[in-house]
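Here are some short notes for a first look at this entry. Please read them with the structure open.

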Amino acid sequence: MMRLDKFLAEMGIGTRQEVKKYIRKGMVTVNGSPALRPEEKVSETSDQVCFEEKPVSYVKYEYYMLNKPAGVVSATEDRRDPVVVDLIREKKRKDLFPAGRLDKDTEGLLLITNDGALAHRLLSPSHHVDKTYFVRVEGKVTGAEKKILEAGVDIGENGTEERTRPAKMEILASGPVSQVLLTIREGKYHQIKRMFQAVGMQVLYLKRLSMGKLTLDPALAPGEYRPLTKEEIASVTDENAGKY
Ligand code: URA
């Protein structure tokens, strides 16, 4: 059970103050009768709440898989650039946020949710969730670079050492422009770009393919998204998701 004004505000009908006004004006019904008290308690599952005669169903958590396009920032708001949560047009909740960050020019898997506990489990370094990226770099990636990057490199700046933890690399194509899959467990700022810089190479294109057990749906073009399936939600909400 929860307060009617909270129910409606969380479902994006308006701010708490606006919603109180709507209730007092008789614009809200519960099981067919006007509800005039914002503090009235309603059941999220069994009461039929309507705003202006349209049913409002309650959703506690939402989970979307987004193929983040380049040019959009991993944030809930930004003064200059479009943000990832605005790409989710059918969202019911107003409190969605990206679970993790990708650089503005990086594409690929981003989970958009309002489940803070899940985001914490996916992102906290102690949970060791693997993240796999497809990387296109300028220059020939050989066994030598693979060995160095897998062992860990210093990506620190201004003389301070900052070593990356062990990583895994698979070389897909090696030439003037190379392509690799790189799996890391951390998420330091610009980590993959800085790892390649540490071996004198520049990243040309970066796309995240997976996070723990969650894999980007290949049917999603950049900018497209879909709700997670029940199985996917279970796989990421499972305490051991993504752990070795
Ligand atoms: N590493 C980067 O350099 N950028 C990202 O967006 C993700 C990982």
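1. Start at the ligand. A polar side-chain atom of Asp103 sits 2.7 Å from one of the ligand's nitrogen atoms. Keep in mind that this is a predicted model.

2. A backbone N or O atom of Ile192 is 3.1 Å from a nitrogen atom of the ligand. A polar backbone atom of Lys193 lies 3.1 Å from a ligand oxygen atom. The ligand has 240 Å² of accessible area on its own, and the protein covers 95% of it.

3. Which residues are around the ligand? They are Leu102, Asp103, Thr106, Tyr133, His190, Gln191, Ile192, Lys193 and Leu206.

4. Look again at Asp103. This residue is in the loop between strand E8 (97-98) and E9. Is Asp103 buried or exposed? Its relative accessible area is 17%, and the limit for buried is under 20%, so Asp103 counts as buried. Beyond its neighbours within four places in sequence, Asp103 is in contact with Lys68, His190 and Lys193. Of these, His190 and Lys193 are also among the residues around the ligand.

5. Now the domains. The protein is divided into domain 1 (2-55), domain 2 (63-126 + 213-237) and domain 3 (131-211). Domain 1 and domain 3 have C-alpha centres 51 Å apart.

6. The largest nonpolar core has 32 residues. Those with the most contacts inside it are Ile112, Val135, Leu182, Ile192, Met195 and Phe196. At least two core residues come from each of strand E7 (63-68), strand E9 (107-113), strand E10 (131-138), strand E12 (177-184), helix H5 (191-198) and strand E13 (202-211). Domain 2 and domain 3 each give this core at least three residues. Apart from it lies another core, of 16 residues, including Phe7, Ala9, Val42 and Val49.

7. Met195 deserves a click. Which residues is Met195 in contact with, leaving aside its neighbours within four places in sequence? They are Leu149, Val153, Ile155, Thr164, Ala167, Leu182 and Ile184. Leu182 is also listed with Met195 among the residues with the most contacts inside the largest core.

8. Finally, Pro222. This residue lies in the loop between strand E14 (214-215) and strand E15 (225-227). Pro222 has a relative accessible area of 46%. Buried is under 20% and exposed is over 50%, so Pro222 is partly exposed. Not counting residues up to four places away in sequence, Pro222 touches Asn67, Pro69 and Glu107. Pro222 and Phe196 are 26 residues apart along the chain, and their C-alpha atoms are separated by 24 Å.

Note on methods. Residues are numbered from 1 along each chain as its sequence is written. This is a predicted model: local features need pLDDT of at least 70, side-chain atom pairs count only at pLDDT 80 or more; totals for chains, interfaces and linings use all residues. Side-chain values use heavy atoms; hydrogens and water are left out. A nonpolar core is a set of buried Ala, Val, Leu, Ile, Met, Phe, Trp, Tyr and Cys residues joined through side-chain atoms within 4.5 Å. Buried means under 20% relative accessible area, exposed over 50%, partly exposed in between (1.4 Å probe, protein chains only). Helices (H or I, at least four residues) and strands (E, at least two) are DSSP runs, numbered from the N terminus. Domain bounds come from an automatic or database domain assignment. Contact means heavy atoms within 4.5 Å. A residue is near a molecule or strand if one of its heavy atoms lies within 4 Å of it. A polar contact is a pair of N or O atoms within 3.5 Å; within protein, one must be able to donate a hydrogen and the other to accept it, and residues adjacent in sequence count only if both atoms are side-chain atoms. Accessible areas come from the Shrake-Rupley method with a 1.4 Å probe; for residues, only the protein chains shown count as cover.
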